[in-house]
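Keep the structure open as you read.

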Amino acid sequence: MSFKAEQIAGLAESGWSHCESVAEAVAKAGLPAVTPDYLATAFSGDLWDAAERAVLALRDHFAAARFADETTYGILLVPDPGRLDTRRPMAAAVRADQLGTPTEDVFDERLPAGVLGIRPGTPWTMVATVTGVYGPSLGSHHQVVDGAAAAFTVAGTDTRALMIRQLWGARVLQGGRDLPDCESNQRWTFTLFPGEGLTDGQAESGTVLKGKVRFRLGKPDRGIGSARVAPAIAVT
């Protein structure tokens, strides 16, 4: 199966379409339904080729990272933030089919608006990034931010710029019932957002813990194995 066909099949069966409460949020936002026909026509052949190159480049560049063997790279769809802003907590109803019951997100109110890595104007944007439940472990927030640019630059793009809340929020929705960074997975993890600045000296991260999607603040020097990141390249 070609890369394009494989990704279309996976996206069409992702939370965007196959998790009823998420699909309802997509429809309510006025976004096109994520179907095979839509995906095949909304993005040009050149974009799909660029997406494949970006995914392969990420996989190769971070092949030696800790936990690279359990990291899956692919295409994440990020919705137009003017219609569905994934930087913010979702309504409890949106999580109903993800978590088994309508559940409010836990969102630290000290968090700022968040970096808008994908700007309004396009219904769906393809991003090459981590699409599985685990990202690679590349150290703490400080270690990632202060690291050499070459360690994070892939195909001319500094992948730290899109290690942000907006992409993780979209990744949680796309995952449907297969939630990233969730305590019900084989191991619990949390994803750091080094592309976001510190708030009150603390670093942002996201996780799914005790039955809730959580947007959190924590120590910026926490580089334990459960601290993961999601290198990303926008495909535009």
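**A helix and what surrounds it**

Helices here are DSSP runs of H or I with at least four residues, strands are runs of E with at least two, and both are numbered from the N terminus. Before going on, note that this is a predicted model, where local features need pLDDT of at least 70, side-chain atom pairs count only at pLDDT 80 or more, and totals for chains, interfaces and linings use all residues. Residues are numbered from 1 along each chain as its sequence is written, and side-chain values use heavy atoms, with hydrogens and water left out.

Back to α9, which covers residues 165-175: ten of its eleven residues are buried, so the rest of the structure largely encloses it. Buried means under 20% relative accessible area, with a 1.4 Å probe and protein chains only. Among the buried ones are Arg165, Trp168, Arg171 and Gln174.

Now the sheet. Three strands form an open, antiparallel sheet in the order β1-β3-β10. β1 (73-79) and β10 (233-235) are at the edges with a single partner strand each, so one side of each has no neighbour in the sheet. Pairing here requires at least two DSSP bridges between the strands. β3 (residues 124-130) and β10 are joined by three bridges, and Val127 sits opposite Ala234 in β10.

Volumes are the space filled by probe spheres set on the points, which are joined across faces, edges and corners.

The largest pocket holds about 440 Å³. It has 24 lining residues, and the closest to its centre are Gly10, Ser14, Thr131, Gln174 and Gly175. α1 (3-12), α2 (15-18), β1 and α9 each supply at least two residues of that lining.

There is also one cavity of 30 Å³ or more, and the largest cavity has a volume of about 70 Å³. Its lining includes Leu76, Thr129, Leu167, Trp168, Arg171 and Phe193. α9 gives the most to this lining, with three residues.

Definitions and conventions
Buried means under 20% relative accessible area, exposed over 50%, partly exposed in between (1.4 Å probe, protein chains only). On a 1 Å grid over the protein atoms alone, a cavity is a set of points where a 1.4 Å probe fits but cannot get out, and a pocket is an open set with protein on both sides within 12 Å along at least five of seven lines; lining residues have an atom within 4 Å of a point.
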